[in-house]
Amino acid sequence: MTIPSIGRRPGQPIYLDYQATTPCDPRVVEKMLPYFTEKFGNPHSRNHAYGWEAEEAVEQAREQVAAIIGADAKEIIFTSGATESNNLAIKGVAQFYKDKKDHIVTVVTEHKCVLDTCRHLEQEGFKVTYLPVQPNGLIDMAELEAVVTDKTAIVSVMGVNNEIGVVQPLAEIGALCRKKGAFFHTDCAQAVGKIDLDVNAMNIDLMSISGHKIYGPKGIGALYVRRRPRVRLVPMINGGGQERGMRSGTLATMLCVGLGEACAIAKAEMGAEAERLRGMRDRLLGGLKQRLPEIYVNGDLDNRVAGNINISFAFVEGEGLMMGVKDLAVSSGSACTSASLEPSYVLRALGLDAEMAHTSLRFGIGRFTTQEDIDYAIDHTVKAVEHLRSLSPLWDMHLEGVDLKSIQWAEH
Amino acid sequence: MAYSDKVVDHYEHPRNVGSMDKDSTDVGTGLVGAPACGDVMKLQIKVSPEGIIEDAKFKTFGCGSAIASSSLVTEWVKGKTLDEAAAIKNTDIANELALPPVKIHCSVLAEDAIKAAIKDYKSKAGQGEDEKAAG
């Protein structure tokens, strides 16, 4: 399905940043609309028809969310988004089981909301192991096995990385955690609707889900919490006891409906969509490689979602490159617009030099991307890189065979 | 972040891009910055026997502001004496290009590049005279 107005408005760059967020699918918006106006009831009102119809919509949405991950609807808790879900899963479990267990395992390439949550728990006295990744971005199962102990309450490993798109071996991690008696939480904000997920087959105990990464609305997410064997957690938001007491507050019916519909569409179309996106991703990478030497894919290419590619362009600087590809809405691995000049911690964790991390672009391809967009992106990127290389003293040195590492640079 | 029109103009149409023979005695080369920091500037000046900068070329690895700063200084130093070129201040560059505070280091680097090129020229010219004297 292609809608010309989505992601390419006149005068706006072409949207290739689908890992940052996605537009709401018009079919999702359509389902949501009645719940703003005529079906506005409080889903927790038990006394009248307004409440009943809202409750019915929420429960149907819960079923739709559960279905895409092979869960039971009773195991789905609606939240405000994946950040809240990650906080609730990790803090909630850690605090509930703290008398018996005080150890948490996570990975250095996790999203900031997982890492920051773990840092916070460290300050409260929990011990946290931050597992490194291999140069391809995947964790080493032997290393994970070595750090999980009988004091480990929870292991949190993301399904798909937001920067490099690599897919962690969830089933293997789940099996290991089950064997060792630790709960397995996975941040699947980038994975739901992109790869097949089954909480039972993969032994997943908690899973974070985001609405706006899967063509649903912003401001809604979900947390899967396993019932058998039961996972218990301390709620962060107290109140009327909604969501099995784990997350109080009146549910936003229209947002729940939107997330549910987004999951239903993703479930129905995932196979065909992944194939289409992979075709475009391969076309993009192939087109760039054919015309540009010295470009490198960051992260494993095989264990990767179809809609992501992250490439370093050697001998050009990242921010200069962003300026050159101004007709594309892409993301840079370099945060140099801040004064800190810090390259991406995810790319650094792969072992990339600062200069290669600075010079990466993340292309996120999604539901509304067309082949014309990809061809334009190839041409535009090639021209920008060639322009910058024609200006780059480092490119000249490379052509002359000078090893840049042999030069004594004045770091400033 | 929005760039000024002048930065965009220099980025899209950089002036005096290129290289000169770094071993030539009338050429001074300044190479400043570091790849790990995201900026490397190479500025070269060709100096007449009268001590006037006849030509200038640059190559820069860096953001748009770094490219614009070095492109601008190649325009500015041409026709100047070495002392006049050495008097160019980073604040002049930053003002001309309307650089935001986080990009001031680009103008500092461009000033450093001029000084490094002049120093290189002078050291080579000095050596040349020594060789002549020795000969």
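How far apart are the mean positions of the positive and negative charges of chain B? They lie 2 Å apart, for 16 positive and 21 negative charges, where Lys and Arg count as positive and Asp and Glu as negative, with His and the chain ends not counted, and where a charge is placed at NZ of Lys, CZ of Arg, CG of Asp or CD of Glu.

This is a predicted model, in which local features need pLDDT of at least 70, side-chain atom pairs count only at pLDDT 80 or more, and totals for chains, interfaces and linings use all residues. Residues are numbered from 1 along each chain as its sequence is written, chains are lettered from A and ligands numbered from 1 in the order in which they are written, and side-chain values use heavy atoms, without hydrogens and water.

Stay with chain B and colour it by secondary structure: its elements run α-β-β-β-α-α-α-α from the N terminus, with helices (H or I, at least four residues) and strands (E, at least two) taken as DSSP runs and numbered from the N terminus. Of its 135 residues, 50% are buried, that is, under 20% relative accessible area with a 1.4 Å probe and protein chains only.

Next select P229(A), in the loop between β8 (221–225) and α7 (253–291) of chain A; a cis peptide bond, with omega about -10°, joins R228(A) to this proline. The loop between β8 and α7 also holds E243(A), whose phi is positive, near 55°, and which is buried at 8% relative accessibility.

Finally, go to N203(A), between β6 (183–187) and β7 (206–210), a buried residue at 18% with a positive phi of about 55°.
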